[in-house]
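I opened the model to look up a few local features. My notes follow in the order I took them.

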Amino acid sequence: AFSILKEGNVLLMFPQGKRIKDGTRGKLKTGVAVIAHKMQVPVVPVCISGEYKFRHKITVSCGKPIYFEEYYGQKLDEDSTNILAEKVYDGIFELQQQ
């Protein structure tokens, strides 16, 4: 992940670690926030909605980039890491509600 971002490429990650079919948030995972913070790159929330069936139409919605600038230069503790991860999840679920 770090080498991909260092090269200036885009990295796609699924912060929940799996598909969520019923729209619930599931267990909070912090990897996306930690990587974005360390590499000082924004996170663009994306929501994929539609039926999870072969050849069915889906909708892919992209939100506004989330920046963690106020945390750059700081060492993240568990609370800060969870706050950043919540921002990512909030961005995703905001798209889902639209």
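I counted a salt bridge where a side-chain nitrogen of Lys or Arg lies within 4 Å of a carboxyl oxygen of Asp or Glu. By this rule I get 2 salt bridges. The model is predicted, so I took local features only at pLDDT of at least 70 and side-chain atom pairs only at pLDDT 80 or more, while totals for chains, interfaces and linings use all residues. Residues are numbered from 1 along each chain as its sequence is written, and side-chain values use heavy atoms, with hydrogens and water left out.

**Salt bridges**

I looked up E51 and K53 first. Their side chains form a salt bridge at 3.6 Å, N to O. For accessibility I called a residue buried under 20% relative accessible area, exposed over 50%, and partly exposed in between (1.4 Å probe, protein chains only). E51 is partly exposed at 42%. K53 is exposed at 52%.

Then I took E70 and K87. This salt bridge spans 2.7 Å, N to O. What does the pair tie together? E70 sits in the loop between β2 (58–62) and α3 (78–97) and K87 in helix α3, so the bridge links parts that are 17 residues apart in sequence. Helices (H or I, at least four residues) and strands (E, at least two) are DSSP runs, numbered from the N terminus. E70 has 43% relative accessibility and is partly exposed. K87 is partly exposed too, at 29%.

**Helix α3**

I went on to α3. The helix has 20 residues and reaches 28 Å from its first C-alpha to its last. That is close to the expected 28 Å, taken as 1.5 Å times one less than the number of residues.

Which residues of α3 are buried? I noted S80, T81, L84, A85, V88, Y89, G91, I92, F93 and L95. An α-helix has 3.6 residues a turn, so residues three or four places apart point the same way. The buried residues of α3 pack against α2 (31–39), β1 (46–50) and β2. I took contact as heavy atoms within 4.5 Å.

I also checked the start of α3. There a side-chain oxygen of D77 comes within 3.3 Å of the backbone nitrogen of D79.

**Largest pocket**

Next I looked for open space. I used a 1 Å grid over the protein atoms alone; a pocket is an open set of points where a 1.4 Å probe fits, with protein on both sides within 12 Å along at least five of seven lines, and lining residues have an atom within 4 Å of a point. Grid points are joined across faces, edges and corners, and the volume is the space filled by probe spheres set on the points.

The largest pocket holds about 900 Å³. I found 35 residues in its lining, with L12, M13, F14, P15 and V46 nearest its centre. α2, β1 and α3 each supply at least two lining residues. Which element gives the most to the lining? It is β1, with 5 residues.

**S61**

I found S61 in strand β2. S61 is partly exposed at 22% relative accessibility. Setting aside residues up to four places away in sequence, S61 touches P45, V46, C47 and L95. I also checked S61 against I48: their C-alpha atoms are separated by 6.5 Å, and the two are 13 residues apart along the chain.

**Positive phi**

I looked up two backbone angles. Q40 has a positive phi of about 55°, although it is not a glycine. Q40 lies in the loop between α2 and β1. Is Q40 buried, exposed or partly exposed? Q40 is partly exposed at 47%. Apart from neighbours within four places in sequence, Q40 is in contact with Y72 and G73.

R55 is in the loop between β1 and β2. R55 is exposed, at 74% relative accessibility.

**H37**

H37 is buried, with a relative accessible area of 11%. Leaving out residues up to four places away in sequence, H37 touches F68, Y71, Y72, Q74, L76 and L84.

Key: Polar contact = N/O pair within 3.5 Å; in protein donor to acceptor, adjacent residues only side chain to side chain.
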